[in-house]
Amino acid sequence: MGAARPPAGGIRVNATGESGAADQPVVRLTGVGKTFGAMDAPVVALADINLEIGRGEFVSLIGPSGCGKSTLLRLIGDLTDATDGSVEVNGKPARRARLDRDYGMVFQSPVLFDWRTVEDNVRLPLELFGHDRASQDRRASEMLELVGLTEFAKRHPYELSGGMQQRVAIARALAFSPSLLLMDEPFGALDEMTRERMNSEVLSIWERTGITVVFVTHSIPEAVFLSSRVAVMSARPGRVTRIVEVDLPRPRGLETRESPRYFNLIIEVREALRAGDRAGAASEATLASPERTAAEGGIG
Amino acid sequence: MTVQTARPRRTILRRIVSFLVFIVAVLVVWEAFKLLAGDPIFVDGEKIWDPPLTVWLATDVNLPHTWVIWNRTLAPVTSGAKESLGGYLIGQAVFTMRESLTGFAIGGVLGIALATLFVHFRLIERAFVPYVVASQTIPIIALAPLIMFFTGHNVSSVIIIATYLCFFPVTIAMLRGLRSPDPRALELMRSYAASRRAVLWKVRFPASLPYLFTALKITATASIVGAIVGEGPGGMQEGLGRALMFFSQQYAISPEKLWASIFVTAGLGILFYLAVVGAEQWVLRGRPQAAFG
C-alpha cells in the first residue's frame, strides 16, 4: 500500500460497492509474458512479470524504450492479450474488468474529438454507459472543476493548449468513477514546465479521489515525484528488475523537488535502470523494438 | 493557439461579391471578343461598328451577343407559344433537378451503406471493391442505352444513371473517412467496452463527415450530368437533356436557344453545389477549418 496520504475528501471518484475486499490488490500480474510476431520469428516483449498493486497506490512503470512498459499497461487494460500468465484487475480477469469498466485510460496524445465540446468529450463515456442526461451534466461539470477547466466547458479541444487538452482527457477518464487509472506517458509530449505543473495536478487529483494509478513514464524525476512505488524495467525481454519504494512525505510539492531524499531516490532509480540495462545488454538481440511493434500492430 | 472557427458573415459576403465579379468579367471578355473579332453591329439597319478582325468562333452564329441570348429567353419558346423560352427552361430544370436530386440521394445512401459494410467486414470489402471500381471504368454514355433498354424510357432509368455516377465517389470517400479515426480513439472506445454500433455512431461517422461532404460536392454536379445524359440519348420528352438535344439541332437557326439552355444547366449545377456547401458549413460548424476540400 502507498505511503501515508491525506484522507480522500471533496470529490468522490471511486464507485461504492466495488467488487473484492478492500485489501485485495487492484492489479495482480502473475508470470505475465507477451510474445509478438509469427511462430517462426517470435519477439519476446515481456517475460515473467510479477507485480501487485494495492488499492490507492500510485505505481510508475519506468524503463528504456522498448522495455514493454506500454505493452504492460495495455495488458492491464485488456487492450492486448497476454501470451503467458494471468492479469487480474479487482480480482477478475482483465477482460472482465474492462467489460465492467473498471479503469479509465489516458494516452500520450489526448485523443479528444474535435466535433465535441470539452464538456461533451468528458461526457462521452457516460453517454456510452447510458447515464441519464442530468447526471451526465452534473458529472461532467464536477470533473471539469476537478481539473480546473470549468470556464472552457463550451470550447472545442483544438482551442486549448496541449496541457489543457490532457487535463480534459484525465477528466474524461475519471468521469465514470473507475477504481483504476491507467496513464501511458500522459505528459511525454509536454514541455518541462507544463509537465511539472501537470504532475502536481495529478497528485492533487489522486489525493482527493483515492484512485489507484498505474503510470508509464520514461522520466525519472516524474516517476519519483509522483509514485508510492517505482517499478524499474529492463528491455529484451522486458521484465521488472527492481521496485523502488518512494517514501517521500506527502503532500508533495516544490519543496519535495528540492529535498535531498528526492535526489537520492532519483539516483537510486537511475542506478536500477543502469543495472537492468547492463543485464539486458548481455542478451541484446538484433530484433526490432517490441514496443514499436506493439504500437504499429495495434488495432486498426 | 486559438483557431478561427466561426466563419464571419463578411467572408460569405466577400464570396458572393467575388462570384458576381467573376460573372461580370466573363460577360466583359465575351463582348470584348465580339467587338474585336465578331460580326458588324447594326442598329436600325445602320452599321455602327465594324470589328477589325474576323474570327470564325466569334460570329453571331457561334457566339451570340449576351443581350441577344437574354432577350431570347423572354421571347416565346416557339413562335406562337404562350410560354417564354426562360420559363420553359426553368420548368425543364425543375424536372431534371428532381431526377438528379433523387439519384444524388440514393447514390449517397448507397455509398454510405457500402462503405459502412466494407469497413466492418474486410472479406466483403476484398470481394466487392474491385467490382465497384471496375463499374466506374465503363463510360456512362455506353451504359445509358443499356439501362434504357432494360427499364424503358422513363424517369426511373434516368435516376438509375444519376445514382450510378453518384455512389462511387461517396463509397470511396466514406471508406476513407470511416477509417480516419486515430487508432488510439478506437482503443479508447475499446477501454469503454463500447459496441461496434457505438464506435460507428460516436467516432467513425462524425470523423467521416468532412470526407463525405467532399464527395457530395462532386456528386452534386455529377448527378446533373447523369440526369442529362439519361434524358438526352434516352429519348425523354422532358428535362434539360431533352432541351439541350433539341436546341442543338436548331443551332444553325437560333443558337441563342442552346446558349440559354447551357446557362440554365450551369446555373442548376452551381445552385446544387452551393446547397451542398451550405449544408457542409452548417453540419461542420465548430470544427477546425483545416483541409476540408
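The model is a predicted one, with local features needing pLDDT of at least 70, side-chain atom pairs counting only at pLDDT 80 or more, and totals for chains, interfaces and linings using all residues. Residues are numbered from 1 along each chain as its sequence is written, chains are lettered from A and ligands numbered from 1 in the order written, and side-chain values use heavy atoms, leaving out hydrogens and water.

Chain B splits into domain 1 (3–63) and domain 2 (85–283), with bounds from an automatic or database domain assignment. Their centres, taken over C-alpha atoms, sit 32 Å apart. Eight residues of domain 1 of chain B meet seven residues of domain 2 of chain B (contact: heavy atoms within 4.5 Å). Together the two domains of chain B bury about 570 Å², 63% of it on carbon and sulfur atoms; this is the accessible area (1.4 Å probe) lost on putting the two parts together, summed over both.

On to chain A: A:Val118 belongs to helix 3 (residues 118–128) of that chain, helices being DSSP runs (H or I, at least four residues) numbered from the N terminus. A:Val118 counts as buried because its relative accessibility is 1% (buried: under 20% relative accessible area, exposed: over 50%, partly exposed: in between; 1.4 Å probe, protein chains only). Leaving aside residues up to four places away in sequence, A:Val118 touches several others, among them A:Leu144, A:Phe152, A:His156 and A:Val168. From A:Val118 to A:Ala171 it's 53 residues in sequence and 9.8 Å in space, C-alpha to C-alpha.

Technical notes: Helices (H or I, at least four residues) and strands (E, at least two) are DSSP runs, numbered from the N terminus.
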